[in-house]
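Open the model in your viewer and keep the selection panel at hand. We will go from one stop to the next, with a word on what to look for at each.

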2 protein chains.
Amino acid sequence: MSDTLRLFDLAGEDDELRFSPNCWRTRLALAHKGLAVDTVAWRFTEKDAIAPSGQGKVPVLVAGQRWLHESWDIAEYLEDHYPQRPSLFGCAHGRAVARFVNQWASDVLHPAVARCIIADIPPALHAKDREYFRTTREAAFGRSLEAIGAERDAALAALRQTLAPLRGVLARQDFVAGAQPAYADHAVFGAFQWARVLGTPRLAAPDDPVAAWVERMLEAYGGLARAAKCLPAHRM
Amino acid sequence: MSDTLRLFDLAGEDDELRFSPNCWRTRLALAHKGLAVDTVAWRFTEKDAIAPSGQGKVPVLVAGQRWLHESWDIAEYLEDHYPQRPSLFGCAHGRAVARFVNQWASDVLHPAVARCIIADIPPALHAKDREYFRTTREAAFGRSLEAIGAERDAALAALRQTLAPLRGVLARQDFVAGAQPAYADHAVFGAFQWARVLGTPRLAAPDDPVAAWVERMLEAYGGLARAAKCLPAHRM
């Protein structure tokens, strides 16, 4: 039982530049399940294209007649709809606890990474998205993108402090989910791929166990994340 | 196969005042497994009493001939040694991911709670522990306990921000581990019980899903945490 799967995936000016951390969660979850997917390059302002999902953000996964959104809800759908394929959560308890990791990544890690890379985003966007991005993000942060970008070094130092619990775990096991990656890893790794695609491949210091895990995640699923088109690496 | 279990548990001037967040993790894990334990009131400066553990901090669990320490390692021991009793982790994946929650609680939550309550601790301690506590904690924070205590209101506001990922999870499920509490809950709840025993029962605002979860955790395991002796509630 395999529906045709179609993923609306945020893209930049370049169709191939796919940088959304939340879409990367879904890309990795699909790969984990061994499911093929057609991705559609989507831009922030193309709300009409995903209107059947009932909201205006990606990832949006179209599975047969169903329009799914929210990366966490998509992961739960994949787990429940494809139970015979490799599990994203291991067991009900693992699913519940993975939700905490996912929430930490969304609430704490994403804003901390955003402060490091947000100035890189507008030039990468499709021209029609730039004003939308600036207006919504400056409202969310309460400051100009340039003001945030000017504190990039301090933001990187703060991010590395934020990584403490991830670092503590990855000093003791290869993946957040244990010996092999699973959704708890996808949920966190999306933020690192976001930065990497936009030209900041090294958020974690080279001797940080987090950096070694990023390398393992880049290799996972046949090197899916490693193969992604990236802007040239700069700074940091 | 039940060894006699003995837990060295941090106590205050009053033998019955048991406030260590890390010892509460172990108390709850033992209760989850349905294991009886003899607790021994222990003070910070009684290093000799736990020397067979090879280090100087509690919890220390003595299981037959084995001296175990570190709350996480004790939980893994209980899970592996009593596999037929209710699971602390659900599955291997659940155990790996619970480690992240445990690490977040230790690295992020405990320091944030400490900033709210540290001024309450010295008066509660046994007289022989007070100088040890002040010296070690002032070195760790780089400031006097009084200076930290003077910023209690700001510390509480910061703590409530720190609770964001926990709040997001508990808005959607009753326990961190899902429908029932397990070690991911014990790992986090220890910090709330620490504050409660020392007279700060309400770290989370009354309308916060975290506050409702604290109440559920107080009722769990026959009301074990609810029954603990506490200092009179004050402030906050």
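**Stop one: where the chains meet**

Select the contact between the two chains: chain B gives 26 residues to it, and chain A gives 26 residues as well. Bear in mind that this is a predicted model. On the side of chain B that touches chain A, colour helix 3 (92-117) and helix 8 (164-170), each of which supplies at least two residues. Helix 3 of chain B brings the largest share of that side, 13 residues.

Do the copies meet through the same surface or through different ones? Of the interface residues of chain B, 100% are also interface residues in chain A, so the surface is the same for both copies.

**Stop two: the axis**

Next, superpose chain B on chain A. A turn of 180° with a shift of 0.0 Å along the axis does it, and the RMSD is 0.0 Å. The two copies are therefore related as by a two-fold rotation axis. To find the axis on screen, pick B:Gly94: within chain B, its C-alpha is the one nearest the axis, at 1.9 Å.

**Stop three: chain A as a whole**

You will see 10 helices and 4 strands, and following the sequence you pass through them in the pattern β-α-β-β-β-α-α-α-α-α-α-α-α-α. The radius of gyration of chain A is 17 Å, close to the 18 Å that the globule rule gives for 236 residues, so chain A is as compact as a globular protein of that length. Along its principal axes, the C-alpha trace of chain A spans about 50 × 45 × 30 Å.

Colour by burial next: 45% of the 236 residues of chain A count as buried. If you draw the contacts of chain A with a separation of 6 or more, 73% of them join residues 24 or more positions apart.

**Stop four: helix 9**

Finally, select residues 183-197 of chain A, which form helix 9. This helix is mostly covered, with 15 of its 15 residues buried. Centre the view on A:Phe189, where helix 9 of chain A has a kink of about 35°. How far apart are the end C-alpha atoms of this helix? They are 20 Å apart, which agrees with the 21 Å that 15 residues should span at 1.5 Å a residue. Step past the end of helix 9 of chain A to A:Gly199, which follows the helix and has a positive phi, near 105°.

Note on methods
Residues are numbered from 1 along each chain as its sequence is written. Chains are lettered from A and ligands numbered from 1 in the order in which they are written. This is a predicted model: local features need pLDDT of at least 70, side-chain atom pairs count only at pLDDT 80 or more; totals for chains, interfaces and linings use all residues. Copies are superposed by least squares on the C-alpha atoms of residues with pLDDT of at least 70 in both. Two residues are in contact if their C-beta atoms, placed from the backbone, lie within 7 Å. The expected span of a helix is 1.5 Å times one less than its number of residues. The bend at a residue is the angle between axes fitted to the seven residues ending there and the seven starting there. A residue is buried if 20 or more other C-beta atoms lie within 10 Å of its own, exposed if 12 or fewer, and partly exposed in between; C-beta atoms are placed from the backbone. The radius of gyration is taken over C-alpha atoms; the globule rule is 2.2 Å times the number of residues to the power 0.38.
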